[in-house]
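Please look over the sequence and the model shown here before reading the report that follows.

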Amino acid sequence: MRASRFTSIDLALLAVAGVISGVIFTAAWTIYNVSEVLAGPVGARIISYGLWFMGAPLAASLLKKPLSAFLGEFLGALVETLIAPAGGITNVIYGFAQGLASELGYLTFRYRRWDIISGALAGALAGLPAVGLDAQLFGVVGTPLEMSLWVIAACVSGAIYGAVVSAAALSLRK
Amino acid sequence: MRARYRESTLFLYALGASLLAFVANSVKSLILPSLINGILGFASGSKKIPQKLLAALLVLNAWGAFINGLYFHNVGDEIVSIQAVTIRSGAVESFLILTLRFFLIVGSTLLMLGLVNVRDLIRSLERDLRVPSGIAFSIAYAFRLFPLLSKDLSEIRIARKERGFTSVVLSPKHLRSILLPMLNISYERAVWGGISAELRGLRLRKVSGRKPLGLGDVIILSALALQWVISLYS
């Protein structure tokens, strides 16, 4: 396991991940609302949910340190709350839960893999708390089959966007 | 005399009010806290956040709540029938609950944002709630980067247009082609920003002592507690 102490450069990179994620999270609201009308609940989750899970794989791929996934997602949610309060402070609650779930993705590999696969897994795992919190807050509770489809759609979307953002971060010229 | 309050108390207030939205699940229990926070929040938030954005938020939320009610809760007595769409009592109740939750969550957040400066809020989170100073630095640095990244993004969009590509993100592939140059520029900036912060003694910086609780804090926290009591017992 690599040293978990964050240097000033790590903290600055975390800020970069936070602000980029915050901007993407804010844009995701419009994408979600439009796609829900055009593609229904499952389509909307596939198209847009992964955008809200990108903070964790982005930060983790840049920093490659334990807790970076959690902090990236949480910071992105905090920035989203402070720049455009579409979801209010619940964004922070979502960010906290999704960040913890994504962190599990990297923990699964004992913090040894920071590639596209671990990024996709981190993105996919964030789908579980997102659907759970949707059920609690927005009353989005369907039949067991519907719920399973939503979880799968959120996880697939998370995996796709997680892989994309990890690939982008890993191909940086450093 | 002006009642003094910590900026972090308003953060706790917004968090507490948002948690209430998770717990309360009927129109009766949500109506009073939602109206109070909605009216106060939109009045104070409109000073700092563009009114067009607030109007767009309201429209998007109403649309989302309507679609949500129609998809998931369209049961019970028939209220109105428009061509092939029949709206039932369950959909209307769900729409009302979601709209009230929106007012409670967004209203309390706008109230916080309207009354505090983001920089003061970050400082207060570090000083009064003991948020780790590294995290506080990251949040503060993110806000410093925000205008720079907005400028980078608009330049990338211009470059894409000149090359005949769309400036709007339509697929994960498009997203990657926008993300990559932004990350490349930001990475370089963050490395030198981090070195600069280290050289200026970020690690040696001491966090000032907690600000004592003022009358304003007591009023804010009492208002939050009162809303919880009213909501839970109604």
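## Charges across the interface

A salt bridge, as the term is used here, is a side-chain nitrogen of Lys or Arg that lies within 4 Å of a carboxyl oxygen of Asp or Glu. In this predicted model, the count of such pairs between chain A and chain B is 0. Polar contacts are counted separately, and across the interface of chain A and chain B there are 6 residue pairs of this kind, with both residues at pLDDT 80 or more.

## The side of chain A that touches chain B

Which elements of chain A give two or more residues to the side that touches chain B? They are α1 (8–48), α2 (55–63), α3 (68–83), α4 (90–108), α6 (127–138) and α7 (144–170) of chain A. The element that gives the most to this side is α1(A), with 17 residues. Sorted by class, the side of chain A that touches chain B consists of 42 nonpolar, 11 polar and 4 charged residues.

Taken as a whole, the contact involves 57 residues from chain A and 57 residues from chain B. About 5,100 Å² is buried between chain A and chain B, and 79% of that area is on carbon and sulfur atoms.

## The build of chain A

Chain A contains 7 helices and 0 strands, and reading along its sequence gives the pattern α-α-α-α-α-α-α. The radius of gyration of chain A is 15 Å, which is close to the 16 Å that the globule rule gives for 174 residues, so chain A is as compact as a globular protein of that length. When the principal axes are used as directions, the C-alpha atoms of chain A fill a box of roughly 45 × 30 × 25 Å.

Of the 174 residues in chain A, 65% are buried. Among the contacts in chain A that have a separation of 6 or more, 72% come from residues 24 or more positions apart.

## Two loop residues with a positive phi

In the loop between α2 and α3 of chain A sits A:L67, a residue that has a positive phi of about 75° although it is not a glycine. Is A:L67 buried, partly exposed or exposed? Its relative accessible area is 45%, so A:L67 is partly exposed, given that this class covers the values between 20% and 50%.

A second residue of this kind is A:Y111, which is not a glycine either and has a positive phi of about 55°. A:Y111 lies in the loop between α4 and α5 (116–125) of chain A. Because its relative accessibility is 10%, A:Y111 counts as buried, the limit for that class being under 20%.

In chain B, helix α5 (residues 118–128) holds B:R127, which counts as buried because its relative accessibility is 13%. Once the neighbours within four places in sequence are left aside, B:R127 is in contact with B:E7, B:V207, B:S208, B:G209, B:R210 and B:K211.

Helix α8 (residues 215–232) of chain B is where B:S231 is found. Its relative accessibility is 3%, and therefore B:S231 counts as buried. With the neighbours within four places in sequence again left aside, the residues in contact with B:S231 are B:L20, B:A24, B:S29 and B:P33.

Technical notes. Residues are numbered from 1 along each chain as its sequence is written. Chains are lettered from A and ligands numbered from 1 in the order in which they are written. This is a predicted model: local features need pLDDT of at least 70, side-chain atom pairs count only at pLDDT 80 or more; totals for chains, interfaces and linings use all residues. Side-chain values use heavy atoms; hydrogens and water are left out. Helices (H or I, at least four residues) and strands (E, at least two) are DSSP runs, numbered from the N terminus. Buried means under 20% relative accessible area, exposed over 50%, partly exposed in between (1.4 Å probe, protein chains only). Contact means heavy atoms within 4.5 Å. Buried area is the accessible area (1.4 Å probe) that two parts lose on being put together, summed over both. A polar contact is a pair of N or O atoms within 3.5 Å; within protein, one must be able to donate a hydrogen and the other to accept it, and residues adjacent in sequence count only if both atoms are side-chain atoms. Ala, Val, Leu, Ile, Met, Phe, Trp, Tyr, Cys and Pro count as nonpolar, Asp, Glu, Lys and Arg as charged, and the others, Gly among them, as polar. The radius of gyration is taken over C-alpha atoms; the globule rule is 2.2 Å times the number of residues to the power 0.38.
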